[in-house]
Amino acid sequence: MVMKPMVKIFIYSLLSVAAVVWLLPVLWVVISSLKTNSDLYSFPPKLWPQPITFEHFKEAFSKGDFGLYFMNSTIVTVSSTLLLLLINSMAGFALAKYRFRGSAIILIAFVSTLMIPIEVIMIPIFKVLSALGLYNSLLAIIIPPAATPTGVFLMRQYLLSVPDELLEAARMDGAGEWKIYWSIILPIAKPILAVLAIFSFMWRWDDFVWPLIAISDPSKYTIQLALSNFIGEYNVDWGSLLAMSVITMLPVLIVFMVFQRYFVSGMITSGMKG
(Lines give C-alpha, C1' and ligand atoms only; values in the text may rest on other atoms or scores of the structure.)
Protein backbone atom coordinates (compact mmCIF):
# COMPACT_ATOMS: atom_id res chain seq x y z
CA MET A 1 0.00 0.00 0.00
CA VAL A 2 1.38 3.40 -1.03
CA MET A 3 1.46 5.92 1.78
CA LYS A 4 -0.12 9.29 0.99
CA PRO A 5 2.29 12.27 1.02
CA MET A 6 0.45 14.11 3.81
CA VAL A 7 0.36 11.00 5.98
CA LYS A 8 4.06 10.44 5.38
CA ILE A 9 4.87 14.05 6.31
CA PHE A 10 2.78 13.76 9.49
CA ILE A 11 4.47 10.50 10.54
CA TYR A 12 7.98 11.84 9.86
CA SER A 13 7.19 15.04 11.74
CA LEU A 14 5.87 13.08 14.70
CA LEU A 15 8.96 10.85 14.72
CA SER A 16 11.23 13.90 14.49
CA VAL A 17 9.54 15.52 17.48
CA ALA A 18 9.84 12.26 19.45
CA ALA A 19 13.55 12.02 18.56
CA VAL A 20 14.18 15.59 19.72
CA VAL A 21 12.33 14.97 22.99
CA TRP A 22 14.41 11.84 23.58
CA LEU A 23 17.70 13.57 22.72
CA LEU A 24 17.18 16.68 24.86
CA PRO A 25 18.14 15.06 28.21
CA VAL A 26 21.21 13.46 26.61
CA LEU A 27 22.30 16.75 25.06
CA TRP A 28 21.73 18.54 28.37
CA VAL A 29 24.00 16.06 30.17
CA VAL A 30 26.74 16.52 27.55
CA ILE A 31 26.47 20.32 27.62
CA SER A 32 26.36 20.46 31.43
CA SER A 33 29.49 18.32 31.70
CA LEU A 34 31.38 21.08 29.84
CA LYS A 35 30.24 23.89 32.15
CA THR A 36 32.19 25.46 34.97
CA ASN A 37 30.88 25.00 38.51
CA SER A 38 29.51 28.53 38.55
CA ASP A 39 27.58 27.94 35.31
CA LEU A 40 26.47 24.50 36.46
CA TYR A 41 24.76 25.86 39.59
CA SER A 42 23.60 29.16 38.12
CA PHE A 43 19.90 30.06 37.98
CA PRO A 44 18.35 30.45 35.51
CA PRO A 45 20.52 27.77 33.88
CA LYS A 46 22.63 28.75 30.88
CA LEU A 47 21.94 26.82 27.70
CA TRP A 48 25.55 26.90 26.51
CA PRO A 49 28.76 26.67 28.60
CA GLN A 50 30.78 29.89 28.73
CA PRO A 51 33.63 29.05 28.63
CA ILE A 52 33.81 25.36 27.66
CA THR A 53 35.91 23.43 30.19
CA PHE A 54 37.06 19.82 30.56
CA GLU A 55 37.98 20.21 34.23
CA HIS A 56 35.18 17.91 35.37
CA PHE A 57 36.56 15.08 33.25
CA LYS A 58 40.05 15.57 34.73
CA GLU A 59 38.65 15.67 38.27
CA ALA A 60 36.56 12.55 37.72
CA PHE A 61 39.54 10.51 36.51
CA SER A 62 41.72 11.78 39.34
CA LYS A 63 39.22 10.76 42.04
CA GLY A 64 39.16 7.06 41.25
CA ASP A 65 40.74 4.26 39.29
CA PHE A 66 38.32 4.54 36.40
CA GLY A 67 40.65 2.65 34.09
CA LEU A 68 40.15 -0.41 36.30
CA TYR A 69 36.39 0.14 36.51
CA PHE A 70 36.13 0.46 32.73
CA MET A 71 38.15 -2.72 32.32
CA ASN A 72 35.88 -4.59 34.75
CA SER A 73 32.76 -3.36 32.96
CA THR A 74 34.24 -4.28 29.58
CA ILE A 75 35.17 -7.80 30.71
CA VAL A 76 31.73 -8.37 32.25
CA THR A 77 29.77 -6.90 29.35
CA VAL A 78 31.69 -8.57 26.51
CA SER A 79 31.91 -11.97 28.22
CA SER A 80 28.26 -11.97 29.24
CA THR A 81 27.13 -10.88 25.77
CA LEU A 82 29.16 -13.57 23.98
CA LEU A 83 27.89 -16.21 26.38
CA LEU A 84 24.32 -15.02 25.91
CA LEU A 85 24.60 -15.15 22.11
CA LEU A 86 26.03 -18.68 22.22
CA ILE A 87 23.48 -20.17 24.64
CA ASN A 88 20.42 -18.35 23.27
CA SER A 89 21.26 -19.21 19.66
CA MET A 90 21.67 -22.89 20.56
CA ALA A 91 18.41 -22.97 22.48
CA GLY A 92 16.56 -21.07 19.76
CA PHE A 93 17.93 -23.41 17.09
CA ALA A 94 16.81 -26.47 19.04
CA LEU A 95 13.29 -25.14 19.67
CA ALA A 96 12.84 -23.93 16.09
CA LYS A 97 14.27 -26.82 14.06
CA TYR A 98 14.07 -29.97 16.17
CA ARG A 99 10.88 -31.89 16.74
CA PHE A 100 10.85 -33.60 20.12
CA ARG A 101 8.31 -34.34 22.81
CA GLY A 102 7.79 -31.45 25.19
CA SER A 103 9.30 -28.72 22.96
CA ALA A 104 6.11 -26.65 23.17
CA ILE A 105 6.04 -26.99 26.96
CA ILE A 106 9.67 -25.89 27.19
CA LEU A 107 8.95 -22.84 25.02
CA ILE A 108 5.92 -21.91 27.14
CA ALA A 109 8.01 -22.31 30.29
CA PHE A 110 10.71 -20.03 28.87
CA VAL A 111 8.22 -17.34 27.88
CA SER A 112 6.34 -17.64 31.19
CA THR A 113 9.46 -16.66 33.10
CA LEU A 114 9.13 -13.19 31.55
CA MET A 115 6.31 -12.58 34.03
CA ILE A 116 8.59 -13.22 37.03
CA PRO A 117 10.14 -9.99 38.38
CA ILE A 118 13.91 -10.10 38.64
CA GLU A 119 13.64 -9.07 42.30
CA VAL A 120 11.93 -12.39 43.09
CA ILE A 121 14.87 -14.52 41.91
CA MET A 122 17.74 -12.34 43.14
CA ILE A 123 17.99 -14.05 46.54
CA PRO A 124 17.94 -17.64 45.11
CA ILE A 125 20.58 -16.67 42.53
CA PHE A 126 22.71 -15.06 45.23
CA LYS A 127 22.52 -18.22 47.38
CA VAL A 128 23.51 -20.43 44.45
CA LEU A 129 26.48 -18.22 43.56
CA SER A 130 27.59 -18.10 47.20
CA ALA A 131 27.39 -21.90 47.44
CA LEU A 132 29.55 -22.17 44.31
CA GLY A 133 32.11 -19.77 45.74
CA LEU A 134 31.50 -17.15 43.06
CA TYR A 135 30.42 -14.32 45.34
CA ASN A 136 32.54 -11.19 45.01
CA SER A 137 33.95 -12.23 41.63
CA LEU A 138 33.26 -10.99 38.11
CA LEU A 139 31.83 -14.43 37.27
CA ALA A 140 28.97 -13.63 39.66
CA ILE A 141 27.93 -10.87 37.23
CA ILE A 142 28.75 -12.71 33.99
CA ILE A 143 27.03 -16.06 34.51
CA PRO A 144 23.45 -15.26 35.75
CA PRO A 145 22.32 -13.37 32.62
CA ALA A 146 23.95 -15.88 30.24
CA ALA A 147 20.55 -17.12 29.02
CA THR A 148 17.43 -14.98 28.81
CA PRO A 149 13.88 -15.99 27.86
CA THR A 150 13.63 -12.94 25.60
CA GLY A 151 16.74 -13.99 23.68
CA VAL A 152 15.62 -17.60 23.31
CA PHE A 153 12.18 -16.53 22.09
CA LEU A 154 13.54 -14.03 19.55
CA MET A 155 16.08 -16.55 18.23
CA ARG A 156 13.41 -19.22 17.91
CA GLN A 157 11.03 -16.90 16.06
CA TYR A 158 13.77 -15.76 13.67
CA LEU A 159 15.02 -19.28 12.90
CA LEU A 160 11.50 -20.45 12.07
CA SER A 161 11.92 -18.46 8.83
CA VAL A 162 14.91 -20.61 7.79
CA PRO A 163 13.72 -23.30 5.31
CA ASP A 164 13.96 -26.85 6.63
CA GLU A 165 15.00 -27.93 3.12
CA LEU A 166 18.24 -25.98 3.51
CA LEU A 167 19.18 -27.93 6.62
CA GLU A 168 18.14 -31.24 5.05
CA ALA A 169 20.31 -30.51 2.02
CA ALA A 170 23.27 -29.86 4.32
CA ARG A 171 22.66 -33.17 6.12
CA MET A 172 22.53 -35.02 2.81
CA ASP A 173 25.92 -33.52 1.96
CA GLY A 174 27.31 -35.02 5.15
CA ALA A 175 27.18 -32.01 7.45
CA GLY A 176 26.70 -32.77 11.14
CA GLU A 177 24.53 -30.77 13.50
CA TRP A 178 27.46 -28.72 14.81
CA LYS A 179 28.55 -27.97 11.24
CA ILE A 180 25.02 -26.84 10.38
CA TYR A 181 24.91 -24.65 13.49
CA TRP A 182 28.27 -22.94 12.92
CA SER A 183 28.22 -22.70 9.10
CA ILE A 184 24.54 -22.15 8.30
CA ILE A 185 22.51 -21.06 11.32
CA LEU A 186 24.88 -18.47 12.78
CA PRO A 187 25.59 -16.65 9.47
CA ILE A 188 21.86 -16.55 8.65
CA ALA A 189 21.03 -15.32 12.16
CA LYS A 190 23.37 -12.29 12.03
CA PRO A 191 20.51 -9.73 12.19
CA ILE A 192 18.87 -11.20 15.29
CA LEU A 193 22.27 -11.85 16.89
CA ALA A 194 23.03 -8.15 16.41
CA VAL A 195 19.74 -7.24 18.10
CA LEU A 196 20.53 -9.48 21.07
CA ALA A 197 24.09 -8.14 21.20
CA ILE A 198 22.83 -4.56 21.45
CA PHE A 199 20.26 -5.40 24.12
CA SER A 200 22.69 -7.51 26.14
CA PHE A 201 25.44 -4.89 25.93
CA MET A 202 23.10 -2.15 27.16
CA TRP A 203 21.66 -4.29 29.95
CA ARG A 204 25.05 -5.43 31.25
CA TRP A 205 26.82 -2.10 30.84
CA ASP A 206 24.07 -0.16 32.62
CA ASP A 207 23.36 -2.77 35.30
CA PHE A 208 23.71 -1.42 38.82
CA VAL A 209 21.55 -3.43 41.22
CA TRP A 210 22.97 -6.91 40.61
CA PRO A 211 26.67 -5.86 40.71
CA LEU A 212 25.85 -3.97 43.91
CA ILE A 213 24.57 -7.24 45.43
CA ALA A 214 27.20 -9.60 44.01
CA ILE A 215 30.33 -7.43 44.45
CA SER A 216 31.76 -5.92 47.63
CA ASP A 217 35.44 -5.61 46.66
CA PRO A 218 36.07 -2.09 45.26
CA SER A 219 38.75 -3.48 42.92
CA LYS A 220 36.01 -5.45 41.13
CA TYR A 221 33.53 -2.56 40.83
CA THR A 222 31.94 -1.89 37.47
CA ILE A 223 31.61 1.62 36.10
CA GLN A 224 28.04 2.00 37.35
CA LEU A 225 29.08 1.21 40.92
CA ALA A 226 31.97 3.65 40.56
CA LEU A 227 29.58 6.41 39.51
CA SER A 228 27.75 6.05 42.80
CA ASN A 229 30.93 7.20 44.57
CA PHE A 230 30.17 10.74 43.38
CA ILE A 231 26.92 10.71 45.34
CA GLY A 232 27.65 11.50 48.97
CA GLU A 233 25.39 11.44 52.00
CA TYR A 234 24.94 15.20 52.03
CA ASN A 235 26.09 16.41 48.63
CA VAL A 236 26.52 15.30 45.02
CA ASP A 237 29.56 16.06 42.87
CA TRP A 238 27.44 16.90 39.83
CA GLY A 239 30.33 18.03 37.65
CA SER A 240 32.27 14.75 37.92
CA LEU A 241 29.08 12.70 37.83
CA LEU A 242 27.94 14.33 34.58
CA ALA A 243 31.40 14.02 33.04
CA MET A 244 31.67 10.29 33.75
CA SER A 245 28.07 9.75 32.66
CA VAL A 246 29.03 11.13 29.25
CA ILE A 247 31.99 8.75 29.08
CA THR A 248 29.82 5.76 29.98
CA MET A 249 27.41 6.58 27.15
CA LEU A 250 30.08 6.19 24.48
CA PRO A 251 30.50 2.37 24.44
CA VAL A 252 26.74 1.80 24.11
CA LEU A 253 26.55 4.41 21.34
CA ILE A 254 29.45 2.81 19.47
CA VAL A 255 27.94 -0.69 19.71
CA PHE A 256 24.60 0.58 18.42
CA MET A 257 26.22 2.41 15.51
CA VAL A 258 28.15 -0.72 14.54
CA PHE A 259 25.14 -3.05 14.59
CA GLN A 260 22.31 -0.66 13.67
CA ARG A 261 22.01 -1.89 10.07
CA TYR A 262 21.02 -5.31 11.41
CA PHE A 263 18.78 -4.00 14.16
CA VAL A 264 15.56 -3.19 12.28
CA SER A 265 15.67 -6.23 10.00
CA GLY A 266 16.35 -8.49 12.94
CA MET A 267 13.44 -7.15 14.99
CA ILE A 268 11.03 -7.35 12.05
CA THR A 269 12.01 -10.84 10.92
CA SER A 270 11.97 -12.30 14.43
CA GLY A 271 8.20 -11.78 14.56
CA MET A 272 7.30 -13.08 11.12
CA LYS A 273 6.39 -16.62 12.11
CA GLY A 274 4.68 -18.15 15.10
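Figure 1. R171 forms a salt bridge with E177, with 2.9 Å between the closest N and O atoms; a salt bridge is a side-chain nitrogen of Lys or Arg within 4 Å of a carboxyl oxygen of Asp or Glu. The model is predicted: local features need pLDDT of at least 70, side-chain atom pairs count only at pLDDT 80 or more, and totals for chains, interfaces and linings use all residues. Residues are numbered from 1 along each chain as its sequence is written, and side-chain values use heavy atoms, with hydrogens and water left out. R171 also pairs with E168, where the closest N and O atoms are 3.1 Å apart. E168 and R171 both lie in helix α9, 3 residues apart, about one turn of the helix. Helices are DSSP runs (H or I, at least four residues), numbered from the N terminus. Through shared partners, the salt bridges join E168, R171 and E177 into one network. Relative accessible area is 42% for E168, 25% for R171 and 32% for E177. Each of these counts as partly exposed, because that class lies between buried (under 20%) and exposed (over 50%), with a 1.4 Å probe and protein chains only.

**Figure 2. Salt bridge between K97 and D164.** The structure holds 4 salt bridges. In the one between K97 and D164, the closest N and O atoms are 2.8 Å apart. The pair links distant parts of the chain, 67 residues apart: K97 belongs to helix α4 and D164 to helix α9 (residues 164-172). K97 is buried at 11% relative accessible area, whereas D164 is partly exposed at 37%.

**Figure 3. Packing of helices α4 and α11.** Helix α4 (residues 66-97) packs against helix α11 (residues 190-206) at an angle of about 145 degrees, and their axes are 9 Å apart. Axes are lines fitted to C-alpha atoms over the stretch in contact, and angles run from 0 to 180 degrees between N-to-C directions. The crossing is right-handed, that is, the near helix is turned clockwise from the far one by less than a right angle. Residues in the contact (heavy atoms within 4.5 Å) include F70, T77 and L84 of α4 and L193, F201 and W205 of α11. The contact residues divide into 8 nonpolar, 7 polar and 1 charged. Here Ala, Val, Leu, Ile, Met, Phe, Trp, Tyr, Cys and Pro count as nonpolar, Asp, Glu, Lys and Arg as charged, and the others, Gly among them, as polar.

**Figure 4. Surroundings of F93.** F93 is found in helix α4 and is buried, with a relative accessible area of 6%. Beyond its neighbours within four places in sequence, F93 is in contact with residues including Y98, L159, E177 and Y181. F93 and M155, 62 residues apart in sequence, have their C-alpha atoms 7.2 Å apart in space.

**Figure 5. Nonpolar cores.** A nonpolar core is a set of buried Ala, Val, Leu, Ile, Met, Phe, Trp, Tyr and Cys residues joined through side-chain atoms within 4.5 Å. The largest has 36 residues, of which F66, F70, I223, F230 and M244 touch the most other members. Elements giving two or more residues to this core include α4, α11 and α14 (238-269). Helix α14 contributes the largest share, 8 residues. Leaving aside neighbours within four places in sequence, F230 contacts residues including A60, F66, L241 and M244. A second, separate core of 24 residues includes F93, L154, L160 and I192.
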